[in-house]
Amino acid sequence: MNESEGAAAAAVGGSAPAPGGADPEQDSRRMRRLRPSVPLQPSGPPQLDFPPVKNGLDYLASVVKHLDETESEVTPSDVKYAVLHLQAAVEVLFKTRLLAEHWTLVFTHPGDATRKALDEATLKSVTPEQAITRLQNIAGVEISDKEAKALTRLTTDRNKLQHFGFTDNARAVEARAGEVLDFLIRFIDTELQPYLEPADRLETEIGLRDLREGLGNINSYVRKRMNRIAGELRKEGVESTTIECPACENVTLVLDEDPPVPPAGDGAFATCRFCSSFFEFGDLARRWLPLHWDDRGGLVPADTCPSCDQEALGTDVRVRSEPEPVYFCFACSYITKEIAPCDSCGKQIDPSLEPSAPLCRPCDEAREPDPESEYELPYEEPADYGFDENAEPPAYENSWFPVVLTKEEA
């Protein structure tokens with residue numbers, strides 16, 4: 001191949017031999033490139049041209065457009081399409097990374113993979129859950145438990161919207177979508193960019209620049225709202241009764257606060273200041289109450305509150321006033337970092353507040369003191385020192401015993 005032929009091959013996505021006759025494809029350590037060779041398109045109507053990474057970026061651009069508050073008010077319809085397009089981006093980009101690792105990994109069953117099915121796009125591809133597992137275990141991609149949870153929940157939201165209809169708080173869904181969007185942009189940076197050809201990498205970086213600006217607008221809006229809410233909660237003095245919201249996962253759920261339009265019923269409610277979700281107090285508490293099997297084979301709460309003795313002590317609850325998850329009582333709002341059972345009665349106690357730990361105060365006060373025994377001086381026998389009590393004392397000059405002489409003897 002001469003120089004002009006090499007340039008032509010590069011223009012259609014091929015690669016010319018490297019200088020010296022070396023073939024880059026034979027270097028096993030060379031990264032696999034994601035953009036396949038694309039034949040020249042005939043002149044005529046516009047052609048669809050969305051190779052994997054470009055396709056994923058296009059979906060993400062749509063997500064940002066729908067969620068960017070600086071462009072226009074985000075409506076429930078915007079959130080719906082943001083979720084649908086965000087999930088599409090997840091699937092495209094995850095499969096693209098799996099392709100870079102090995103082309104069989106995008107099949108549901110890699111052992112049944114064929115190049116024909118891949119080339120014709122007739123394969124049954126991996127589910128989002130399978131893709132996450134393979135990325136972690138095979139490709140070595142770092143996906144935290146929190147990120148995996150957000151990705152799985154996005155899949156659930158998308159399936160409901162796509163197939164069954166969906167009723168949920170739009171703000172909560174928006175917050176979850178924003179978290180996944182942030183993850184995906186970092187995923188493109190660290191996991192896909194290194195596998196691209198220089199020209200594709202430049203095109204991707206330009207696209208990411210616009211996405212980062214849009215994501216910055218979304219995050220800026222979220223931060224602004226969170227700062228406002230934080231000031232309100234601090235001013236109202238309710239930080240110690242504000243916990244994590246199960247819907248949006250922000251620590252903005254204020255306990256014992258009725259929603260703006262409370263539903264029928266006399267139960268107490270908790271309302272999220274960020275996404276406006278509300279929960280009946282009893283149902284909310286059961287989300288954090290640890291359960292165990294009782295003697296009758298039923299599930300009952302395991303922990304009672306050291307303060308009010310109610311079976312309402314939640315475990316690993318994120319409370320706004322505390323830097324780390326704590327034990328939190330949903331009956332009296334008692335907070336403690338540690339609990340332990342009393343050694344005598346088994347009641348839960350807070351060791352930091354019980355001077356008699358590991359006993360609770362009632363058990364400590366009811367405990368009978370140990371009987372005091374009379375102290376007796378130990379009796380010492382002369383034999384203890386090697387002496388015979390009945391023996392005649394030795395002569396004075398040969399003894400160290402002091403001998404008292406009478407007047408006559410003297």
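Student: What makes Val53 count as buried or exposed?
Tutor: Keep in mind that this is a predicted model. The relative accessibility of Val53 is 7%. Buried means under 20%, so Val53 counts as buried.

Student: Where does Val53 lie, and which residues of that element are buried?
Tutor: Val53 lies in helix α2. The buried residues of α2 include Val53, Gly56, Leu57, Leu60, Val63, Val64 and Leu67, and also Ser62 and His66. As background, an α-helix has 3.6 residues a turn, so residues three or four places apart point the same way.

Student: How do you know what span to expect for helix α2?
Tutor: Helix α2 covers residues 52-67, which is 16 residues, and at 1.5 Å a residue it should span 22 Å. The C-alpha atoms at its ends are 23 Å apart, so the two values agree.

Student: How many disulfides are there, and what about Cys308?
Tutor: The count comes to zero disulfides. For Cys308, the nearest cysteine sulfur belongs to Cys329 and is 3.6 Å away. A disulfide needs sulfur atoms within 2.5 Å, so Cys308 is in no disulfide.

Student: What makes α3 and α5 oblique to each other?
Tutor: Helix α3 (residues 76-101) and helix α5 (residues 128-137) pack at an angle of about 40 degrees, with their axes 10 Å apart. Roughly parallel would need an angle under 35 degrees, and roughly perpendicular starts at 65, so α3 and α5 are oblique. Their crossing is left-handed. Among the residues making the contact are Phe94 and Leu98 of α3 and Ile132 and Leu135 of α5.

Student: And why is α6 called oblique to α7?
Tutor: The axes of helix α6 (residues 145-164) and helix α7 (residues 170-192) come within 10 Å and cross at roughly 125 degrees. Roughly perpendicular ends at 115 and roughly antiparallel needs over 145, so α6 is oblique to α7. The contact is made by residues including Leu151 and Leu154 of α6 and Val180 and Phe183 of α7. α6 passes α7 in a left-handed crossing.

Definitions and conventions: Residues numbered from 1 in each chain as written. Predicted model: local features only at pLDDT ≥ 70, side-chain atom pairs only at ≥ 80, totals over all residues. Heavy atoms only, no water. Helix = DSSP H or I, 4+ residues; strand = E, 2+ residues; numbered from the N terminus. Expected span 1.5 Å × (residues − 1). Buried < 20%, exposed > 50% of the residue type's maximum accessible area, 1.4 Å probe, protein only. Axes fitted to C-alpha atoms, helices over the stretch in contact; angles between N-to-C directions. Left-handed = near helix turned anticlockwise from the far one by under 90°. Contact = heavy atoms within 4.5 Å.
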